Amino acid sequence: CFHLPLKRRLRKRPLVLGILNLPEDVLLQIIKYLPVDDILAVRAVNSYFKYIVDHHSSVWGSASFSEVWPSPDNLRLFERAAESGNFEAAVKLGIAYLYNE
């Protein structure tokens, strides 16, 4: 007697979409409105995020420096943001230079 193997039902896995599946322009829109500390944290996640943060001046042009003031540790970030057109960074940088902070 010959038996055919029973067909198993294959369960379809739900489509899992992560943040890495988003188009680059969507990621830019998300990242560029984060506070600067969060942008640095995102940059440290992987090489793709590091590339996005490092190679798109719009990220630094709209980064929020609301809770951060220039210091020797973050001076380069303020300069980069000011060069990218970030008014808040430019004003805080100017005040820090004026008062030699």
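This is a predicted model: local features need pLDDT of at least 70, side-chain atom pairs count only at pLDDT 80 or more; totals for chains, interfaces and linings use all residues.
Colleague: How many salt bridges does a search of the whole structure find?

Modeller: Side chains of opposite charge can pair when their charged atoms come close. Here a nitrogen of Lys or Arg has to lie within 4 Å of a carboxyl oxygen of Asp or Glu. When the whole structure is searched, the number of salt bridges found is five.

Colleague: Which residue forms a salt bridge with Asp54 at 2.7 Å, and in which helix does that partner lie?

Modeller: The closest N and O atoms of this salt bridge are 2.7 Å apart, and the partner of Asp54 is Arg43. Asp54 belongs to helix α3 (residues 47–55) and Arg43 to another helix, so the pair ties together parts that are 11 residues apart in sequence. The partner is therefore Arg43, and its helix is α2 (residues 36–43).

Colleague: Is Arg43 buried, partly exposed or exposed?

Modeller: Buried means under 20% relative accessible area and exposed means over 50%, with partly exposed in between. The relative accessible area of Arg43 is 28%, and so Arg43 is partly exposed.

Colleague: How far apart are the closest N and O atoms in the salt bridge of Lys50 with Asp54?

Modeller: Both Lys50 and Asp54 lie in helix α3, where they are four residues apart, about one turn of the helix. Lys50 itself is partly exposed, its relative accessible area being 38%. In the salt bridge between Lys50 and Asp54, the closest N and O atoms are separated by 3.1 Å.

Colleague: Which residues do salt bridges that share partners join into one network?

Modeller: A salt bridge also links the side chains of Asp54 and Arg80, at 3.8 Å from N to O. Asp54 is in helix α3 while Arg80 is in helix α5, so this pair ties together parts that are 26 residues apart in sequence. Arg80 counts as partly exposed, at 23% relative accessibility. Through shared partners, the residues joined into one network are Arg43, Lys50, Asp54 and Arg80.

Colleague: Is Val45 buried or exposed?

Modeller: Val45 has its place in the loop between α2 and α3, and its C-alpha atom is separated by 17 Å from that of Pro23, which is 22 residues away along the chain. With a relative accessibility of 53%, Val45 counts as exposed.

Colleague: How are α5 and α6 oriented to each other, and what is the handedness of their crossing?

Modeller: Helix α5 (residues 75–83) packs with α6 at an angle of about 130°, and the two axes are 8 Å apart. The two helices are therefore oblique to each other, and their crossing is left-handed.

Colleague: Which residues make the nonpolar surface patch of about 680 Å²?

Modeller: One of its members is Phe87, which is found in helix α6 and is exposed, with a relative accessible area of 66%.

How values were computed. Residues are numbered from 1 along each chain as its sequence is written. Side-chain values use heavy atoms; hydrogens and water are left out. Patches are made of residues with over 30% relative accessible area and no salt bridge: like charges are joined within 9 Å, nonpolar side chains (Val, Leu, Ile, Met, Phe, Trp, Tyr) within 5 Å. Accessible areas come from the Shrake-Rupley method with a 1.4 Å probe; for residues, only the protein chains shown count as cover. Axes are lines fitted to C-alpha atoms, for helices over the stretch in contact, and angles run from 0 to 180 degrees between N-to-C directions. Angles under 35 degrees count as roughly parallel, over 145 as roughly antiparallel, 65 to 115 as roughly perpendicular and the rest as oblique. A crossing is left-handed if the near helix is turned anticlockwise from the far one by less than a right angle, and right-handed if clockwise. Buried means under 20% relative accessible area, exposed over 50%, partly exposed in between (1.4 Å probe, protein chains only).
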